[in-house]
Amino acid sequence: ETQDDLKLKVAQEASKLVKDEMVIGLGSGSTSNMFIKELGKRVLEEELYIYGVPTSFDAKMLASQCGIPLVSLDQAGQIDLAVDGADEVEEGTLSLIKGGGGCHTMEKVIDYCAKEFVVLVDESKVVPSLGENTPVPLEVLPFAYSTVLNTLLEMNTAPSIRVSGGKMGPVITDNGNMIIDVFTKIDEAAVKEKELNNIVGVVENGIFSKCDKVLVGNSSKKVKVLKK
Ligand code: DER
């Protein structure tokens with residue numbers, strides 16, 4: 001099976017968690033996009049009665065194309081279930097690195113305020129310890145990027161400004177900010193998450209130290225469920 005087959009498996013499994021009247025946080029990334037498409041099919045075929053709160057412009061565009069009614073976070077009130085992807089999941093602690101798609105700031109707001117936050121990954125994302133091979137993205141205020149860069153250099157985190165593939169210059173996020181990727185040792189995810197957000201000029205980082213459940217797509221028939 002390809003990696004996409006495994007992603008589709010968990011996306012289909014996650015769509016079964018959605019019930020009528022729920023408000024759903026719609027994550028960003030290729031796996032979340034498969035989930036959004038599955039949900040769109042259920043809205044169309046079963047007239048599932050839900051509202052979606054998108055975590056990025058990309059998720060918003062896809063969800064509206066799929067016919068999922070959308071609301072803003074302040075209209076939504078309580079989010080019943082947030083479904084999102086991840087770049088890495090640490091075995092045991094279920095701490096995450098997210099932000100490979102540059103959307104971690106709005107994702108974290110929605111994922112963290114949801115009653116339940118479920119993460120969808122294929123088995124290649126599950127690692128024994130977080131951050132060994134995957135950088136942590138930091139969303140940074142553009143006017144502060146030089147001072148943040150200096151701080152990160154002093155911290156020996158090998159910082160690099162994320163450049164766009166589609167235009168000259170840095171990636172600019174849905175919130176109008178820049179992204180600097182860093183490598184850093186993560187002993188305690190919750191501690192490192194706070195430390196990185198304490199750097200003046202950093203808006204949000206891609207360490208997510210809390211999620212409720214992880215659905216892991218693997219080559220066996222059943223989707224593996226990881227819980228703390
Ligand atoms: O950018 C993000 O946080 C995405 O959720 C990312 O972590 C997972 O994207 P993928 O499903 O395309 O691997």
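## Lysine 60

Lysine 60 is partly exposed, with a relative accessible area of 43% (buried is under 20%, exposed is over 50% and partly exposed is in between, for a 1.4 Å probe and protein chains only). This residue lies in helix H3, residues 57–65. Helices here are DSSP runs of H or I with at least four residues, numbered from the N terminus.

Not counting residues up to four places away in sequence, Lysine 60 touches Pro54 and Leu70, where contact means heavy atoms within 4.5 Å. Lysine 60 and isoleucine 36 are 24 residues apart in sequence, and their C-alpha atoms are 9.8 Å apart in space.

## The model

This is a predicted model, in which local features need pLDDT of at least 70 and side-chain atom pairs count only at pLDDT 80 or more, while totals for chains, interfaces and linings use all residues. Residues are numbered from 1 along each chain as its sequence is written, and side-chain values use heavy atoms, with hydrogens and water left out.

The mean pLDDT of the protein is 97, and 100% of its residues reach 70 or more; pLDDT is the predictor's confidence in each residue, from 0 to 100. The model scores ipTM 0.97 and pTM 0.97.

## Helices H2 and H3

H2 and H3 pack with their axes 9 Å apart, at an angle of about 25°. Axes are lines fitted to C-alpha atoms, for helices over the stretch in contact, and angles run from 0 to 180 degrees between N-to-C directions. H2 and H3 are therefore roughly parallel to each other (under 35 degrees is roughly parallel, over 145 roughly antiparallel, 65 to 115 roughly perpendicular and the rest oblique).

Asn33, Ile36 and Lys37 of H2 make the contact with Asp58, Ala59, Leu62 and Ala63 of H3. These residues divide into four nonpolar, one polar and two charged (Ala, Val, Leu, Ile, Met, Phe, Trp, Tyr, Cys and Pro count as nonpolar, Asp, Glu, Lys and Arg as charged, and the others, Gly among them, as polar).

## Helices H1 and H2

The axes of H1 (residues 3–15) and H2 (residues 30–46) come within 8 Å and cross at roughly 45°. H1 and H2 are therefore oblique to each other. Their crossing is right-handed.

On the H1 side, the contact includes Asp4, Lys7 and Leu8. On the H2 side, Met34, Phe35 and Glu38 are among the residues that take part. The residues of this contact divide into seven nonpolar, four polar and four charged.

Conventions
Helix = DSSP H or I, 4+ residues; strand = E, 2+ residues; numbered from the N terminus. Left-handed = near helix turned anticlockwise from the far one by under 90°.
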